[in-house]
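Please look through the structure below with its sequence to hand.

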Amino acid sequence: MLGARVWGEGEVVVVLLSGLAASQRYWGDAYDGLARVATVVAIDPLGFGSSMELDDGQDTSDPALHVRMVEQTLADLGLAGRPTIAVGHSMGASLALRWAASTDAVREVVCFAAPLYRGESEVADRMRHLGWLEAMLARGPLAERVCHWMCENRGTAQWLAVAVSPALPVRIARDSVLHTWPGYIGAFRALIEDPGWSEALEALSRRRVPVQLVYGAEDRVPVDGRAEELARHHDAVTVRTVAGGHDVPLARAEECADIVGARVAAIASAETE
């Protein structure tokens with residue numbers, strides 16, 4: 001079972017999936033209000049946060065493994081099969097699409113800053129848009145060496161993360177180093193480089209499951225025009241732009257929580273008709 005925090009008692013289940021090198025703490029106080037209308041589950045994806053040690057000996061580059069772990073966690077919590085909204089940020093958005101396509105329980109998907117790439121060349125191109133340092137620390141030999149050093153010096157690495165990212169809440173910054181290199185690079189390959197999100201989106205479209213793609217106006221991670229292209233191709237896909245960059249669920253937390261809350265209300269109403 002993956003690490004998870006559960007709150008609320010509503011019939012609709014909201015599953016919050018955090019991004020690469022993040023944890024369930026990313027979904028902070030603004031999302032607590034969802035408990036008034038839903039049962040909320042914030043999950044640490046395999047290899048990160050409180051799920052860091054669960055990746056030992058497993059092939060984390062397999063997208064299906066990440067999907068199975070989410071489904072098993074909900075089953076262990078007794079929440080599988082209930083009307084559900086899958087919500088994810090960045091890598092977690094990619095996971096949300098794949099998981100939603102695997103279960104009839106998901107009624108809608110909300111993706112914040114989804115990295116919808118069609119292969120490694122697009123990944124490399126977008127990494128260059130982030131800057132040379134960010135690109136080197138995303139993957140490759142330097143990223144691996146840094147990650148191994150963090151594993152050997154976890155406490156020091158946590159406080160360095162706070163110093164390097166002073167704009168982040170301390171708890172979130174400290175959690176950003178809670179992963180191992182195999183878990184990190186495996187998830188990167190499975191959920192960012194792998195283009196399986198496209199097949200998942202096709203499956204969701206056939207089932208007419210609404211998918212809302214939400215991006216920050218200043219986000220440099222997504223491929224330009226990709227979301228709009230998908231909306232033209234899939235009737236169930238809508239695109240929304242909010243102020244901010246890649247960290248919209250954190251920087252625009254109230255607005256993003258309201259987006260999810262509105263969809264919970266709509267699903268709860270439909271379920272009672």
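In this predicted model, strand β4 (residues 84-89) and strand β5 (residues 106-112) run parallel and are joined by six bridges. Strands of a sheet pair through backbone hydrogen bonds, in either the parallel or the antiparallel sense.

Both strands belong to an open sheet of seven strands, in which the order is β1-β3-β2-β4-β5-β6-β7 and the pairing is mixed. The edges are held by β1 and β7, and each has a single partner strand, so one side of each is left without a neighbour in the sheet. On average, and with direction ignored, neighbouring strands of this sheet are turned by 15° against each other.

Strand β1 (residues 4-7) runs antiparallel to β3 and is joined to it by four bridges; here Trp7 has Val40 in β3 as its bridge partner. Strand β2 (residues 13-17), by contrast, pairs with β3 in the parallel sense, over five bridges, and Val15 is partnered by Val41 of β3.

How many residues of β3 are buried? For strand β3 (residues 39-43) the count is five of five, and the strand is mostly covered.

Helix α2 lies across β2, β4, β5 and β6, and its direction makes about 150° with that of β4. Another helix, α10, packs on the sheet through contacts with β6 and β7, running at about 150° to β7.

Why is α2 described as largely enclosed by the rest of the structure? Ten of the eleven residues of this helix (residues 91-101) are buried, so the description follows from that count. The buried residues are Met91, Gly92, Ala93, Ser94, Leu95, Ala96, Leu97, Arg98, Trp99 and Ala100.

The loop between β4 and α2 contains Ser90. Ser90 has a relative accessibility of 11%, and because buried means under 20%, Ser90 counts as buried. Apart from neighbours within four places in sequence, Ser90 is in contact with Gly19, Phe112, Ala113, Ala114, Pro115 and His246.

At least two residues of its lining come from each of β6 (211-216), α10 (226-233) and β7 (237-242). The lining consists of Tyr215, Gly216, Ala217, Asp219, Pro222, Val223, Asp224, Gly225, Ala227, Glu228, Val239 and Thr241. Sorted by class, six of these lining residues are nonpolar, three are polar and three are charged.

A last topic is the packing of one helix pair. Two packed helices are described by the angle between their axes and the distance between the axes. For helix α5 (residues 141-152) and helix α6 (residues 154-164), the axes come within 5 Å and cross at roughly 115°. On the α5 side the contact is formed by Trp149, Met150, Cys151 and Glu152, which meet Arg154, Thr156, Ala157 and Leu160 in α6. By class, this contact of α5 with α6 has five nonpolar residues, one polar residue and two charged residues.

Key. Residues numbered from 1 in each chain as written. Predicted model: local features only at pLDDT ≥ 70, side-chain atom pairs only at ≥ 80, totals over all residues. Heavy atoms only, no water. 1 Å grid on protein atoms, 1.4 Å probe; cavity = no way out; pocket = protein on both sides within 12 Å on 5 of 7 lines; lining within 4 Å. Nonpolar A, V, L, I, M, F, W, Y, C, P; charged D, E, K, R; others polar. Buried < 20%, exposed > 50% of the residue type's maximum accessible area, 1.4 Å probe, protein only. Pairing = 2+ DSSP bridges. Axes fitted to C-alpha atoms, helices over the stretch in contact; angles between N-to-C directions. Contact = heavy atoms within 4.5 Å.
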